Amino acid sequence: MTSTVIAETVPLLAATLADEPGEAGRRRRPSVAMWLSVAWIIGLTLVAVFADALPFVHDPKRTNLVHAHKSPSSTFWFGTDKLGRDIFTRAVYGARTSLMIAGLSIVIGLAIGGTIGLLAGYFRKKIDYVTSLAVDVMLAFPALILALAITSTLGHGVKQVVLALSVLSIAPLIRVVRAQTLVYAQREFVLAAKGLGAKDARVLFREILPNVVPSMLTFALTGLAILIVAEGGLAFLGQSVTVPTPTWGFMIVEGYPDLERYWWISIMPCMVLFLTVLSFNLVGDQLSKRFDIKESLA
Amino acid sequence: MRYFRQKLVQVVIVLMATTFLSIFLMRQLKGDPAIAITGGLVNDPVALEHVRHEWSLDRPVPIQWLRWLENTAKGNLGQSSAFNVPVSTLIKERLPVTLYLMVYAQILSLLIAIPMGVYAAYRSNRTFDRVSNTVAFGLLSLPSFVVAIFLVLVFSLHYHLFPAAPKYVSPFDNPVLHFKNLFLPVVSIALAQVAVYMRLLRADMVATLQNDFVTMARAKGMSTARILFRHAFRPSTFSLITAAAVNVGALIGGAVIIEQLFGLPGMGNLTVEAIARRDFLVVQACVALFAVGFVLVNFLVDIAYAFIDPRIRHARALA
């Protein structure tokens, strides 16, 4: 809700997207949809990064009242808003903020949640018990309310929103990484390494971590999708990054009151958001099949 | 029984921690909490001192938290500064809206997801399965607010079937209007859940259908519908039930956004407004209520498992 919401759905999505037992034997080739998703993600990122240099992307802050409320056309691909700003341009700059916020949050979440998950899954005992309890507490806090509480106390800048979203992503990531670590910590090669006298740090980072990385990446992709939606949810509550920085969520909210007459102001960013979230989900799903990540929920 | 006790201890710890966290977060705001609690309406130092004493505001946060627990246990949630009524009155007024939204959304999504999941599993890898799988993937990627915007555009602005800014009507006053007004919000929340439930049920069901007892039932000449719903359905529902319980968290998030979008006077709407207006006591009560609801549902489902599934009951009795 972001949802869907939101942090709780990471493990849920994983369960939903996990491979079915009947199809385990045969590995399907990546589908057309998968390649389209990759193309969309890469294209979007490139356009967002090089927005300043591209000829078809204008100045997102330039207002032009003569062109206010223009419907989509060959000049204004996505139409214009009430100040005559080009929606396509704003969507491109919105991609910059939305992707950056979600990306940064998931990286921070992975760094913290991943480390804690590794330690809890490897050392078990007290660390594990305390972590599991902490994770339960964090997951019991309705995700959106927690994010809301954080941004409303700390402010609505990019930094604060990133902080709120990374806090949300930590608990589910701990759970995932811990479960994976548990599985690998009992495998023969880990026993062998220990038998050869390897220290804990070596076992953790040289033996276990490389095996856990694929599932971390997979969940990071799904997590990105969830966090993009979460940012949109925050924007809906007036608690995300505000003017003049456009995010997709903010653009959607901005156009909502005028939905009847000027539908494109809201709908166009909605479409972009949907396609992006769909792409991340599809690629994440493909990866989880590729790496055969099923046991993570056990 | 040991399992039950363990779970109960966990529930209590989780509840303590969430309430503490919410008070701790609200105290990070700048300004005198006593003034915030009274909404800045009270200038009388004696009255402020009274409020400070009532909620132990001059003491450290852990003491304030204990004080809040104590007051709550006595049934005193305090007075809302923004609405100028007791917090408990506010919650009594707002809670039904959110409960209706969440319960209807849950029922609707299960009603759609169960038949579709069962049929998709029965005809796995056929056209229906593939199509529904693709559709489910699309639904998973549609945030509730995007669904809501599309629904409003089509069903209220274009066809004028449902209101875009529905008033909340109690089902006891006017059941027809009640359902009509809540229809779009409920569908917006439910659609994404449909995809989750359907895919979970399908996956479990496909596995169940490969069991020998299903082949046996078929060999005895039992009808397909009977095999699917009487024999295979029940053992396939465990992930579904867990998901439905865990999803209460997602439903709360969905309800908060959707209430805001449709302007429905529910708990989510109240929380957002209370946070914006620095109405501490309301925020604390709302967050606590959300957490209690979520934790209790999950606790009950955990316990219900043991009753539903004899395998779990015995496995745990042995452990």
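# Reading a two-chain helical model

Modeller: From the N terminus on, the elements of chain A run α-α-α-α-α-α-α-α-α-α. Chain A has 10 helices and 0 strands. Helices (H or I, at least four residues) and strands (E, at least two) are DSSP runs, numbered from the N terminus. This is a predicted model: local features need pLDDT of at least 70, side-chain atom pairs count only at pLDDT 80 or more, and totals for chains, interfaces and linings use all residues. Residues are numbered from 1 along each chain as its sequence is written, chains are lettered from A and ligands numbered from 1 in the order in which they are written, and side-chain values use heavy atoms, with hydrogens and water left out.

Colleague: How much of chain A counts as buried?

Modeller: Start with the cut-offs. Buried means under 20% relative accessible area, exposed over 50%, partly exposed in between (1.4 Å probe, protein chains only). Of the 298 residues of chain A, 56% count as buried. The areas come from the Shrake-Rupley method with a 1.4 Å probe; for residues, only the protein chains shown count as cover. Chain A exposes about 12700 Å², and carbon and sulfur atoms supply 66% of that area.

Colleague: Which residues make a nonpolar surface patch?

Modeller: Patches are made of residues with over 30% relative accessible area and no salt bridge: like charges are joined within 9 Å, nonpolar side chains (Val, Leu, Ile, Met, Phe, Trp, Tyr) within 5 Å. Here Ile42(A), Leu46(A), Val49(A) and Phe50(A) make one of about 380 Å². Leu46(A) sits in helix H2 (residues 32-49) of chain A. Leu46(A) counts as partly exposed because its relative accessibility is 45%.

Colleague: What do chains A and B bury between them?

Modeller: Buried area is the accessible area (1.4 Å probe) that two parts lose on being put together, summed over both. For chain A and chain B that is about 4700 Å², 78% of it on carbon and sulfur atoms. Helices H1 (9-17), H4 (125-140), H5 (143-154), H8 (200-236) and H10 (264-290) of chain A each supply at least two residues of the side that touches chain B. H10(A) gives the most, with 11 residues. Contact means heavy atoms within 4.5 Å. By that rule, 55 residues of chain A are in contact with 57 residues of chain B.

Colleague: How many salt bridges cross that interface of chain A and chain B?

Modeller: Side chains of opposite charge can pair when their charged atoms come close. The rule wants a side-chain nitrogen of Lys or Arg within 4 Å of a carboxyl oxygen of Asp or Glu. Across the interface of chain A and chain B it finds 0. Over all chains, the whole structure has 11 salt bridges.

Colleague: Which residues form salt bridges with Asp128(A)?

Modeller: Arg124(A) is one of them, with the closest N and O atoms 3.6 Å apart. Arg178(A) also meets Asp128(A) in a salt bridge (2.6 Å, N to O). That pair links distant parts of the chain: Arg178(A) in helix H6 (residues 158-185), Asp128(A) in helix H4, 50 residues apart. Asp128(A) is buried because its relative accessibility is 8%. Arg124(A) is partly exposed, at 38%.

Colleague: Is Asn71(B) buried or exposed?

Modeller: Asn71(B) counts as buried, because its relative accessibility is 5%. Asn71(B) lies in helix H4 (residues 61-73) of chain B.
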